[in-house]
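Work through the two exercises below with the sequence and the model at hand, and try each task before reading its solution.

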Amino acid sequence: MSDSIRFACTGCGRCCTGHHVPLTLAEARQWALSGGQVIVLIEGFIADGPGIPADQREHVLRRSYPVSCGAGQLHVSVTFAAFNPGRCRNLDADDLCSIYDNRPLVCRIYPAEINPHLPLRPENKDCPPEAWEQGPELIHGKLLVDEGLRALIEASRQADREDIAAKVAICEALGITTSALKGNGFTAWLPDMAAFSAVLEQVPTAVDAPWSVHVQDAELTAQLHQHGLQLTADTPLYYAFIGF
Ligand code: SF4
Ligand code: SF4
């Protein structure tokens, strides 16, 4: 593979369809205020135990928060995302973003990767082939060339780190306290937006609510029991378990 990637957005709008867009806490507040639905996605891991990818230890630890789980401790990563099962509510009839100047950070960053451990692979992106055949150089070697884009990615990572305690407190206030194990799946919740907005108006402090982990795999269940975690395999009523 070439160590140089060029890119120019063709404006096809594919990345604005069928993708839940991760939001910072401030963006989630704005999304809720404008009448949008937020989806909450949760995955967790044991520090230096099951679920933590050893090569991404620092990155995943910094964007996670420790919670009580049975007799053990779980680190949870919480994503608030714009719920976009189909076309984004801001995509107009001409496939243009109607909030372009105020669009979320992640929309500005795509198709670049936010996770420093993920190399950009055009084949994994929605952009059509011609988008990669024109425009300025985006990647040279392993370096993202565009300084502005690098700053946006850093801002996104920073928000992930700064927002995580508040996001966990918001989840606990809403009774969202079941995670999945990172690498095995995640739990997905669609909170009532009136309740979500009310909690966001005055972010609570974490109440140290007891968490559980949804796991269905027998071998994994035995492994997690050894770490004292509270597990559940019950058919969920209030969330979906999205297994890998
Ligand atoms: S906010 Fe705009 S750029 Fe982001 S997904 Fe929606 S339409 Fe696309
Ligand atoms: S999928 Fe790629 S080319 Fe199409 S609008 Fe999104 S960023 Fe642009």
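In β5, the residue that forms the bridge partner of Ile42 is Val78, and the exercises start from the strand that holds Ile42, β3 (residues 38-45). The model is predicted, so local features need pLDDT of at least 70 and side-chain atom pairs pLDDT 80 or more, while totals for chains, interfaces and linings use all residues. Residues are numbered from 1 along each chain as its sequence is written, and side-chain values use heavy atoms, with hydrogens and water left out.

**Exercise 1.** Determine which strands pair with β3, and in which sense.

Step 1. Strands are DSSP runs of E with at least two residues, numbered from the N terminus, as helices are runs of H or I with at least four; two strands pair if DSSP finds at least two bridges between them.

Step 2. With β5 (residues 72-82), β3 pairs in the antiparallel sense over eight bridges.

Step 3. With β9 (residues 185-189) the pairing is antiparallel over three bridges, and here Val40 stands opposite Trp189.

Step 4. With β8 (residues 178-181) the sense is parallel, over two bridges, and Gly44 stands opposite Leu181.

**Exercise 2.** Decide whether the two faces of β3 are covered or open.

Step 1. In a regular strand, side chains alternate between the two faces of the sheet.

Step 2. Val38, Val40, Ile42 and Gly44 lie on one side, Ile39, Leu41, Glu43 and Phe45 on the other, and all are buried (under 20% relative accessible area, with exposed over 50% and partly exposed in between, for a 1.4 Å probe and protein chains only).

Step 3. Because eight of its eight residues are buried, β3 is largely enclosed by the rest of the structure.

Conventions. Chains are lettered from A and ligands numbered from 1 in the order in which they are written.
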